[in-house]
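Hello,

Here is the structure I promised to pass on to you. My notes on what turned up in it follow just below, so please have a look at the model first.

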Amino acid sequence: MRTYRDDTPYRTLAPMPRQSASLNLATPEHIAEQALLIVDRDGPAGLSFRTLAAALDISVASLQRRCTDLAGLLDLVTDHLVADLPEIAPGTPWATATETRFAALYGLLTAHPGLVVLRGSRPWLGTQLLKRLVEPQLAESLAVGMTAVEAIAAYRRMYLLTLGSASFVDHRDPRAAQTATRQALAALDPEEFPALTGSLPEVLSTVVDHDVYFGALRQLIAAADPARADL
C-alpha cells in the first residue's frame, strides 16, 4: 500500500483506458460516407480496403475491425444510405405511402450506381432497410386487408422492379447509356431485327427515361391496392 507523506495510505487509481485515434476516425458513419464518395467518384473498381483506409487516414487493420470484409463494408454502406428513406406519416393512403417509399429507394439507388454494381446479387437485408422499407410496407399492406402472401408478393414485385430499373443503366450518365445502346443496335442486321432497328429513337429515349420506372411502379401499386378492388 502506498502512502502520503504523513503515512496515510491511499489507493492507486487504475490507468484510464487508452483511446484509439484510428477507431475514433473509423466510425460506421465516417466509413460509409467515405466509401460512397470513393465509389461515386472512381466507380466500383476504385473501392478497396486499402484505398478506403488511406482516405480515412487509418490502417487497414483498424478498418477491418469495423467491417471485417467487403461484404461487411457493403452492408454498412447500404444501411447508412437507406437510413435516408422517408418516414411516412400515419394515415397516409396505402398507395401514396407505397409509391413514396419505393420512389425514394429508386432515387437512392440511381444516385449511387457503383454501389448497386458492387452489391450484385447480395441480399439487401440491413437493419435500416428492414426498418424503413420492408417492415412498414408489409405492416401497412396487412392493415389494409391483404393476406400475408399478397403483401409479400406485392412488396417483392415492387422491390425487384426498383432494383432492376436502377441496376442496368447508370442514370448519372445517360448519354453513355444511350451511346452504348446505339452502337449495339447499329451492329444489327435490319432485315433480321426490323423492330429494333426501325425504332431506334424510341428505344434510346426509353433507356434513360425515369417515367418508364414510375409508370410500371404505379401499375403494380394499382393492381395490388385493395382500395381499387371495389371500383
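Among the contacts in the chain with a separation of 6 or more, 67% are between residues 24 or more positions apart. Please keep in mind that this is a predicted model. The chain holds 13 helices and two strands, and 33% of its 231 residues count as buried. Its accessible surface comes to about 14000 Å², with 56% of that belonging to carbon and sulfur atoms.

As a general background, nonpolar side chains tend to be buried together in soluble globular proteins.

Phe102 is worth a stop of its own. Leaving out residues up to four places away in sequence, Phe102 touches Leu133, Gln137, Tyr155, Met158, Tyr159, Thr162, Tyr213 and Leu217. Two of these partners, Tyr155 and Tyr159, form one aromatic cluster with Phe102.

That brings me to the rings. How many aromatic pairs does a search of the whole structure find? There are five. One of them is formed by Tyr106 and Tyr213, which are stacked at 4.0 Å centre to centre with 10° between the planes. Tyr106 lies in helix H6 and Tyr213 in helix H13 (residues 210-224), so this pair ties together parts that are 107 residues apart in sequence. Both tyrosines are buried. Tyr213 also pairs with Phe214: the ring centres are 5.1 Å apart and the planes are at 65°, so this pair is edge-to-face. Tyr213 has a relative accessibility of 2% and counts as buried, and Phe214 is buried too, with a relative accessible area of 18%.

Now to helix H5, which covers residues 70-82. Its 13 residues reach 18 Å from the first C-alpha to the last, close to the 18 Å expected at 1.5 Å a residue. At the start of H5, a side-chain oxygen of Asp69 comes to within 3.4 Å of the backbone nitrogen of Ala71. Which residues of H5 are buried? They are Leu73, Leu74, Leu76, Val77, Thr78, Asp79, Leu81 and Val82. What covers them includes helices H2 (28-42), H3 (49-56), H4 (60-67), H6 (94-111), H7 (113-119) and H8 (127-143).

One of the buried residues of H5, Leu81, is also touched by His112. His112 sits in the loop between H6 and H7. Is His112 buried or exposed? Its relative accessible area is 15%, and with the cut-off for buried at under 20%, His112 is buried. Besides Leu81, His112 touches Leu36 and Asp40, not counting residues up to four places away in sequence.

Last, a look at Thr181, found in helix H10 (residues 174-186). Thr181 is buried, with a relative accessible area of 18%. Leaving aside its neighbours within four places in sequence, Thr181 is in contact with Val203, Leu204 and Val207. The C-alpha atoms of Thr181 and Leu204 are separated by 7.0 Å, although these residues are 23 apart along the chain.

Happy browsing, and do write back with any questions.

Best wishes

Terms used. Residues numbered from 1 in each chain as written. Predicted model: local features only at pLDDT ≥ 70, side-chain atom pairs only at ≥ 80, totals over all residues. Heavy atoms only, no water. Helix = DSSP H or I, 4+ residues; strand = E, 2+ residues; numbered from the N terminus. Buried < 20%, exposed > 50% of the residue type's maximum accessible area, 1.4 Å probe, protein only. Contact = heavy atoms within 4.5 Å. Expected span 1.5 Å × (residues − 1). Polar contact = N/O pair within 3.5 Å; in protein donor to acceptor, adjacent residues only side chain to side chain. Phe/Tyr/Trp six-rings, centres within 6.5 Å; stacked < 30°, edge-to-face > 60°. Areas by Shrake-Rupley, 256 points an atom, 1.4 Å probe, with all protein chains shown as cover.
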